[in-house]
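Dear colleague,

Please find below the sequence and the structure that I am handing over to you. My notes on what was found follow directly after it.

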Amino acid sequence: FGASFCPSTLFSLQMSCLCGSAPCLLCGCCPSAKNSTISRLLFTFFLFLGTLVSIIMIIPGVEKELHKLPGFCEGSGSVLGVQTKVDCSSFLGHKAVYRMGFAMAAFFCLFAVLMVCVRSSKDPRAALQNGFWFFKFLVLVGITVGAFYIPDGTFTSVWFYFGVVGSFLFILIQLVLLIDLAHSWSQRWLHNAEEGSAKGWYAALCTVTFIFYAASITAIVLLYVYYTKPEGCTEGKAFISINLILCLIVSVVSILPKIQEAQPHSGLLQASLITLYTIYVTWAALANVPSQRCNPTLLLRNSTGSAMATEPLTTWWDAPSIVGLVIFILCTLFI
C-alpha cells in the first residue's frame with residue numbers, strides 16, 4: 001500500500017482530515033508526512049485571517065457598528081493616561097485592532113510556550129502543533145471574543161506600549177529577512193553567472209540594483225518636496241537627512257575590500273534593497289506627523305478634504321499602511 005501512496009492522495013487525506021469530524025482530529029489519523037509544512041501554512045493562514053479582521057475593523061462603516069458593543073467606550077476619557085475630550089467614535093476601530101492584536105499575540109504565545117524544546121514531529125507534543133486545527137480555530141475565536149470584553153481602563157494605554165516595542169522588533173526582523181532575501185538573490189545570480197552567460201546575469205544584477213537606487217533617490221526627493229517646507233518642518237528634514245546619510249554609509253561599507261573578503265557575495269544589491277526599505281520606513285514615520293503643514297497625508301485622510309475640517313481623521317486608504325501590509329505579507333511568505 002505504501003508503495004502506491006502518491007503525494008496527491010496524501011494531500012487529499014491531509015485536507016479531508018483537517019475539514020473532517022472531531023474524532024478524526026482527536027485520534028490523530030492524519031498522515032505524519034509533511035505535517036510540519038501543512039502546519040506552517042495553516043498558522044500563516046491564521047495570521048493573515050487576524051490581519052484581515054483588523055483591516056475590516058478600521059473600515060468606517062464597521063467602526064460605527066462597534067458602538068453597539070456593551071462597555072466598549074467606557075473609560076475612553078483618557079488616551080495613554082492623558083485626559084482628553086476626544087470622542088470615542090474617532091478611534092473605535094483602533095481600539096478593536098488593539099484587542100485583535102492582543103488575541104493573536106496570546107494565541108501564538110500559547111503555542112510557543114507549549115512547543116518549548118520540541119525539536120521534531122516525533123515528539124509527543126508535536127501533535128498539538130500539527131493537529132487539532134478545528135479546536136485551534138475555536139481557541140482563537142474564543143480568545144478574540146474575550147478580548148473584546150476586556151474593560152477599557154488602562155488596557156489601551158498598556159497595550160499601546162506593547163505595540164511600540166513589538167513594532168520596533170518587527171522592523172528589525174523585517175530588516176534581517178530583507179538582507180537574507182537580497183543575499184540569497186545575489187548569491188543565486190552570481191552562481192548562475194559563473195556557470196552560464198556571465199554578462200547577462202551581471203547585467204541583470206546591475207539593472208535591479210540601479211532600479212532600487214533610482215526608486216530610493218526619487219522617493220527621497222518626493223519626501224523633501226511634500227513633507228518639508230523651506231521654513232519649519234525641522235523634524236522631517238532631520239529624519240530624511242539622517243537616514244539618507246546612513247544609507248550612503250551602508251552602500252559604501254558593502255563594497256569595502258574587508259567586507260568583500262569576509263562575505264564574497266555581499267554587495268550593492270543588499271545595500272540598495274535596505275536603502276529602499278529605510279526610505280519607506282521614513283515615509284511611514286513622516287506620514288504620522290500630526291502637523292498638517294508638514295504632513296499632506298493628513299489632508300488626504302480627511303473625509304472632507306479641508307485642512308480646517310472638524311471631522312475625525314481616518315486611516316483606511318493611506319498609502320504607507322498599504323505598502324507596509326504588502327511588505328508584511330511578502331516577509332511572512334518568505335519565512
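This is a predicted model: local features need pLDDT of at least 70, side-chain atom pairs count only at pLDDT 80 or more; totals for chains, interfaces and linings use all residues.

In which helix do Phe-155 and Trp-159 both lie, and how many residues apart are they? Both belong to helix H8 (residues 155-195), where they are four residues apart, about one turn of the helix. Helices here are DSSP runs of H or I with at least four residues, strands are runs of E with at least two, and both are numbered from the N terminus.

Residues are numbered from 1 along each chain as its sequence is written, and side-chain values use heavy atoms, with hydrogens and water left out.

Aromatic rings

A pair of aromatic rings is described by the distance of the centres and the angle of the planes. Rings of Phe, Tyr and Trp (its six-membered ring) pair if their centres lie within 6.5 Å; planes under 30 degrees apart count as stacked, over 60 as edge-to-face and the rest as tilted. By this rule the structure holds 24 aromatic pairs. One of them joins Phe-43 and Phe-111 edge-to-face, at 5.8 Å centre to centre and with 65° between the planes. This pair links distant parts of the chain, since Phe-43 is in helix H3 (residues 35-57) and Phe-111 is in helix H5 (residues 92-114), 68 residues apart. Phe-43 is buried at a relative accessible area of 11%, and Phe-111 is buried at 10%. Buried means under 20% relative accessible area, exposed over 50%, and partly exposed in between (1.4 Å probe, protein chains only).

Phe-155 and Trp-159, by contrast, form a stacked pair, with 6.4 Å centre to centre and 5° between the planes. Phe-155 has a relative accessible area of 13% and is buried; Trp-159, at 19%, also counts as buried.

Ring pairs also link a cluster made up of Phe-43, Phe-45, Phe-46, Phe-107, Phe-108, Phe-111, Trp-133 and Phe-137. Lys-136 lies over the face of Trp-133, 3.7 Å from the ring centre. A charge sits over a ring if NZ of Lys or CZ of Arg is within 6 Å of the ring centre and within 35 degrees of the ring normal.

The disulfide

How many disulfides are there? The count is one, where a disulfide is a pair of cysteine sulfur atoms within 2.5 Å. It joins Cys-233 to Cys-294, with 2.0 Å from S to S. Cys-233 lies in the loop between H9 and helix H10 (234-253), and Cys-294 in the loop between helix H12 (268-286) and helix H13 (297-301), so the pair ties together parts that are 61 residues apart in sequence. Cys-233 is buried at 10%, as is Cys-294 at 12%.

Helix H9

Helix H9 (residues 198-227) has 30 residues and reaches 43 Å from its first C-alpha to its last, close to the expected 44 Å. The expected span is 1.5 Å times one less than the number of residues. Its buried residues include Leu-205, Phe-212 and Tyr-227. The unreviewed UniProt entry annotates residues 200-226 among its transmembrane regions, and this stretch is 100% helix. Such annotations may be inferred rather than shown by experiment; their positions use the numbering adopted here, and feature names are shortened.

Yours sincerely
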